[in-house]
Amino acid sequence: MEQISALLTRLKTQSPLVQSITNYVVMNNTANALLAAGASPIMAHAQPEVKDMVNIVGALVVNIGTLDEYWSESMLQAAAHAYTIQKPWLLDPVGAGATPYRNELLSKLLQFQPSVIRGNASEIMSLASVNIKSKGVDSTNSSDEALEAGTQLSKQTGAVVVISGEVDYIIDRERIAKVKNGNAIMSKVTGLGCTASALTGAMIAIEKDRFLASTAAMALMGVAGDIAAEKANGPGTLQLHFYDALYNLKSEEFEERMIVSYP
Ligand SMILES: Nc1ncnc2c1ncn2[C@@H]1O[C@H](COP(=O)(O)OP(=O)(O)O)[C@@H](O)[C@H]1O
Ligand SMILES: Cc1ncsc1CCOP(=O)(O)O
Ligand SMILES: [Mg+2]
């Protein structure tokens with residue numbers, strides 16, 4: 001727990017630059033969450049600069065939420081370059097399994113060996129080729145149901161796999177962590193999964209142990225969600241209190257509130 005809470009302090013002091021190639025829905029709320037948590041966001045997808053940008057950032061986040069032909073090519077170029085120069089990068093497979101187009105791009109992106117894959121249960125099951133019917137960007141499965149698929153996906157890809165939901169699982173080849181923080185109202189605010197991915201991007205920028213970094217990011221999401229839910233009257237105020245919680249959280253309260261176990 002101490003190691004996890006120390007990462008929050010390091011995030012705020014080191015303020016890593018995090019590049020996102022992400023969807024139109026969440027550009028604003030993920031940039032604000034990164035800032036509130038202490039990191040520095042840059043959203044950049046233009047092909048003439050994408051490699052130069054990957055060179056200077058601490059980590060790259062690729063989120064396929066509102067993909068199109070141009071953006072897909074930018075994502076492939078960025079991921080390929082991150083792979084070549086060994087820059088940590090995270091894949092958020094938004095809507096995996098919803099359409100063949102998404103699946104084709106995802107299988108190409110996986111060739112560039114993401115450091116972390118963070119998705120909801122349905123997305124992780126789809127990526128691991130479990131035959132599920134995807135409803136779109138929201139999960140129709142629980143993270144418990146996806147645990148086996150997540151373990152398999154981590155073995156297949158070498159990535160740390162994060163399954164978010166009522167409980168979050170963080171999985172690598174040898175370890176599993178479980179984060180029990182968070183509140184159901186979080187699923188009524190769009191882009192909190194993408195925020196989890198962005199914050200995980202920030203943590204892998206400052207910590208080489210991707211499993212520890214991902215666990216810290218999901219604990220941070222959950223604890224900030226808990227604090228925000230105590231104050232909010234609904235999804236609108238939850239989003240606002242969530243930023244404030246990220247901004248104000250100190251390592252002592254983080255450590256007290258986190259419910260992390262290694263089952
Ligand atoms: N029922 C829930 N109880 C507690 N936390 C939740 C719940 N649903 C989602 N969360 C939290 O909300 C964030 C977004 O997760 P999720 O909704 O699974 O992602 P996505 O938006 O990609 O589907 C995560 O931090 C997760 O822990
Ligand atoms: C609604 C929607 N449509 C395409 S991307 C997107 C946002 C998804 O965000 P999240 O997966 O974090 O809920
Ligand atoms: Mg999502």
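At what angle do helix α1 and α8 pack, and how far apart are their axes? The points below start there; note that this is a predicted model.

1. Helix packing. Helix α1, residues 2-14, packs against α8 at an angle of about 85°, and the two axes are 10 Å apart. Angles of 65 to 115 degrees count as roughly perpendicular, so α1 and α8 are roughly perpendicular to each other. On the α1 side the contact is made by Leu7, Arg10, Leu11 and Gln14, which meet Ala202, Met203 and Ile206 of α8. Sorted by class, this contact of α1 with α8 has 5 nonpolar residues, 1 polar and 1 charged.

2. Glutamine 3. This residue also belongs to helix α1. Glutamine 3 counts as exposed because it has 11 C-beta neighbours inside 10 Å, and the limit for exposed is 12 or fewer. Between glutamine 3 and serine 197 there are 194 residues of separation in sequence, and their C-alpha atoms are 20 Å apart in space.

3. Surroundings of ligand 1. The shell around ligand 1 holds 18 residues, and the closest are Asn120, Ser164, Gly182, Met186 and Gly193.

4. Among the residues around ligand 2 are Asn23, Val25, Val26, Gly65 and Thr66, together with Val94 and Val137. The run Thr190, Gly191, Leu192, Gly193 and Cys194 also belongs to this set. The shell around ligand 2 divides into 6 nonpolar and 6 polar residues, with no charged ones.

5. Annotated positions. An unreviewed UniProt entry places the feature "binding site" at Met43 and Gly191. Are these two positions buried or partly exposed? Methionine 43, in strand β2 (residues 40-43), counts as partly exposed because it has 15 C-beta neighbours inside 10 Å. Glycine 191, in the loop between β8 (176-179) and α8, has 23 such neighbours inside 10 Å and therefore counts as buried. The threshold for buried is 20 or more.

6. Contacts of the annotated positions. Not counting residues up to four places away in sequence, methionine 43 touches Ser20, Thr22, Met27 and Ala31. With sequence neighbours left out in the same way, glycine 191 is in contact with Val25, Val26, Asn29 and Thr30.

7. Backbone points to check. Which residues have a positive phi without being a glycine? Serine 15 has a phi of about 40°, and glutamine 113 has one of about 45°. Serine 15 sits in the loop between α1 and β1 (17-21), while glutamine 113 lies in the loop between α5 (100-110) and β5 (116-120). Serine 15 counts as partly exposed because 18 C-beta neighbours lie inside 10 Å. Glutamine 113, with 15 C-beta neighbours inside 10 Å, therefore counts as partly exposed.

Terms used. Residues are numbered from 1 along each chain as its sequence is written. Chains are lettered from A and ligands numbered from 1 in the order in which they are written. This is a predicted model: local features need pLDDT of at least 70, side-chain atom pairs count only at pLDDT 80 or more; totals for chains, interfaces and linings use all residues. A residue is near a molecule or strand if its C-beta atom, placed from the backbone, lies within 6 Å of it. Ala, Val, Leu, Ile, Met, Phe, Trp, Tyr, Cys and Pro count as nonpolar, Asp, Glu, Lys and Arg as charged, and the others, Gly among them, as polar. Axes are lines fitted to C-alpha atoms, for helices over the stretch in contact, and angles run from 0 to 180 degrees between N-to-C directions. Helices (H or I, at least four residues) and strands (E, at least two) are DSSP runs, numbered from the N terminus. Angles under 35 degrees count as roughly parallel, over 145 as roughly antiparallel, 65 to 115 as roughly perpendicular and the rest as oblique. Two residues are in contact if their C-beta atoms, placed from the backbone, lie within 7 Å. UniProt positions are given in the numbering used here, feature names are shortened, and annotations may be inferred rather than shown by experiment.
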